[in-house]
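Dear colleague,

Please find below the structure that I am handing over to you. My findings follow directly after it.

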Amino acid sequence: MPPGGAELLRYPPSRKFLVNAKDDLWPFAGDEFKPFMSFTQGGLGVGWGANAVSFDDDDIKDWPISIADLSQAYAESCRRIPIAGPIDSLSPFFPGVAVTHPPMRISRHDSNLLDSFGRRSSLIRKTCHTTIGQARLAVVNSPDHLSSCRHCGRCLWGCPHGSLYDPARTTLQECRRYPNFNYKPGRLVVHFEAKDGQITGIHYFDVHGRQALTAPCESVFLAAGALQSGGIFLRTIQNDSNHHDTVDDRSMTQSVMDTTVVKVPYIQIRSVGCSEGRGQFQFNRLIIANRKKRDGSWPMHCHGEVLSLNTLIYHALIESIPLGSRLAMRLFSRFHTALGVATFFFPDRQLPGNGLSLITDPTSATGDRMHVHYKEGSDKEALIREVIRDTQRALLLLGCIPLQPIRARPGSGIHYAGTVPMGSGVRCSDSSGRANAYRNLYLCDGAAFPSLPSKSITLNLVAHAIRVASLAQV
Amino acid sequence: MTITIPHPCVLRIPSWSIDWEMYERLCRHLGLTPSQILFEKVAQYLLQIAATQPTPRGFSRWLAELRCASWVLGFIDVWTRLMMPVHPWRYRLNAVVAIHECDPQGFDEMMKRSDGRSEAWISTLFITICFAANLVLGPVWFFGQACLYAFSRSRIRREESYFIHKTVLVTGANRGLGLALLARLLSLGANVVAVVRGGSMLNEQIARAGFIGRVNIIVADVANAGSLEEAMVAANVQASQVDAAVINAGIKEEPTRNNGVASIKRVFGVNVFGAMHTVEALLHAWVIRRSGHFIFISSMGRWHGMVKTGSYNASKAALSLLAESMAIDFQSEHCPIRVTTIEPGLIRTGMIQGSGLQNALSTDAESAAKSILQCAAYRRGVCRFPFMFRILTAMIATLPWNLRIKLLGRLRTPDQQ
């Protein structure tokens, strides 16, 4: 819609799972970092683009663990999550991924891009350090499965056939089969009660009863999402008298991280005027990797997703063309199969000054709001420039015209991590994900990541959670 | 294709509204096939937008309310995109595109093209030429519109400034002219106290559109003495809070030989005594406050009799004379309360669905509401429209009695036709 106008069908109604900044339970303050959050069952995982890739040793070289420590957890993750993808030249970069379904069908645009890459791969790899291949996607894609993808083009509306992995529909349902599993909705955890380095109770806000309550506990596995987990942890150590004389700064979490998102739109000349069927998988079917040795401690692998614009919602794009609706629609119909965008996620690491702090706010359900302090380091700019330059060159070699890159605002990556990272000090956790300050508190989500690689985070979060659970002493 | 006549009880905010005719033109302009189901979705969406977006003012409002021909849409489309990206026309165009995109047939039409690269480049050249032509010719058309706007600017501004932030009571607001008046007052920035006999549908529309804070719906039968006062007390509306009242509630019945007097009583009960009950509910507070504006909706039928509408025309004659007398009384008492009597001709509402000559002589409810509020803003004592109907009425009223009886006796009511 026009700037400032109300949104019309930009997000399909079935996908409105994000908490709005005007909502009662919106927990954030400040505007330097605008996070996305959800209280839906399955959380932000419900809005996942289905990309399933794993870290490698180079990605986690500054972690206190190696890929070997995570290998069993990756195997278990791939058993639980269906992964459709090829075995190709990119496979060695994703050692934890075990493909269980054939790759997804690709469009003519994708096929043109892969053909061009196949013809000039050595040149592009050598001069632009870029590789393109088919995506690894968490989709059931074997025809013999009942829930196999039917290419109905409804992914954005929430897959009607259950082909896309959805944590609310699969993992939660699996948990419910256990008689001793108890799911308690409508509870917003505020902080934990602690005594002598042990968590003894969970202090929560009952959303329906509008009152604060406490439930006793023996062990806590915290997986509220890196930002929420960081907030809960920070409130806990701030309320804990045991840590009042600690030398660590308790006003802020150890850190906060997110991948910086930069999009490189392009026009593929070969696809101008071509038609494309409607029945396409609506998320990216191709991935792109920029891989080279880098200065500093950045990982070698910069990961990106290549999305051709043939199945998205178009009216917002049509309205953005400055020709008026009729001419813009005619132009768009001729060119849309040629349009694509390569979206890169840039790695992040702990920086002094970055972290969550709490600001008192009596109007909030928790009595405070989280302020995310976030600035990007100057060496990241150099990394971004380098990768984008390589990508633009690679696109030219692939017969595409790259357009002006678009950089998303901080918080758009939705790969939040590092609020209670593996490290030393009361604000950190150990290599098994257990909080240093509390013997029975386990950080199962991205909060425990000591650095954030470029690759999609979800499969790695699952593997981390499985590893934490397997090492926990309960 | 089956086209249903828009329901007389549909709320349409003038600057943001879309009717079937306009929707059809927009579809033709965009190369899409109109559909009744999609039209309703577009209309509903625009109604919601009207409640959340600021009301356009000045030339922007003039453009938004323009009933333009198909060939003009090209200029509006390109130039609003370039110069006014949040104009109601942008919302209309984009809503049509967006809603049709979600429909399989609409999507196919949007993306219809032949499969070929050369065709695509030729199309691009054609699009460029069209765009350039729009850039050259558009300003000429816009200049013409700007001149027309400048000519009528004072009238438009007067209406806007007179009603903005005022509280206006409208009786009979749940359909026809009353509903159009309510919508126009909302678009002018007024708050409305809507008096209705049964308000469930209006309530629902107001709630769905998001105008809850600006419309206070009161359920009362103005024909019953004291009913309006009681309803106002129940709804916590004080007469002193109301700045103006549009006394619009009216009914029309065809008396038969069996129920002649009862029917006349019912018509007078609403059209005359109902109006006076409304005046009674407000007058005391207004006299103390020494301000207020009564706008009586009478009819040009009050000037002569008519086949099967004797009770209606007689009641309107009574209303016009009562209003005139009231204005004289206020004048003699030096009371600054204003009175405006509106005597419209035929209005296409639920009461009248004309055809042929009737259609040519009549006006739609939205245009009538605009004329009424502009007359009131100019504080005119009496206002008669449409112009051609006014001329016709003047001619009929001046005819000799016998000739008039003979002429009007030849007219037939719609059911006789």
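Which residue takes a positive phi in the hairpin of β4(A) and β5(A)? In this predicted model, the residue is A:R210, with a phi near 55°. That hairpin has 4 residues between its strands. The strands concerned, β4(A) and β5 (residues 211-216) of chain A, run antiparallel and are joined by 6 bridges. Within this pairing, A:H203 has A:T214 of β5(A) as its bridge partner.

Strand β4 (residues 198-206) of chain A also pairs with β3 (residues 187-195) of chain A, in the antiparallel sense and over 8 bridges. Here A:A194 stands opposite A:I199 in β4(A). The hairpin of β3(A) and β4(A) has 2 residues between the strands, and A:D196 takes a positive phi near 50° in it.

I turn next to the nonpolar cores. The largest comprises 102 residues, and the members that touch the most others are B:I13, B:Y23, B:F163, B:L182 and B:F211. Helix α7 (residues 117-163) of chain B supplies the largest share of this core, namely 10 residues. Apart from this core lies another one of 44 residues, which includes A:F93, A:V97, A:A138 and A:L156.

Leaving aside residues up to four places away in sequence, B:Y23 touches B:I18, B:T33, B:P34, B:S35, B:L38, B:F39, B:V42, B:V96 and B:H100.

With kind regards

Terms used: Residues are numbered from 1 along each chain as its sequence is written. Chains are lettered from A and ligands numbered from 1 in the order in which they are written. This is a predicted model: local features need pLDDT of at least 70, side-chain atom pairs count only at pLDDT 80 or more; totals for chains, interfaces and linings use all residues. Side-chain values use heavy atoms; hydrogens and water are left out. A nonpolar core is a set of buried Ala, Val, Leu, Ile, Met, Phe, Trp, Tyr and Cys residues joined through side-chain atoms within 4.5 Å. Buried means under 20% relative accessible area, exposed over 50%, partly exposed in between (1.4 Å probe, protein chains only). Contact means heavy atoms within 4.5 Å. Two strands pair if DSSP finds at least two bridges between them.
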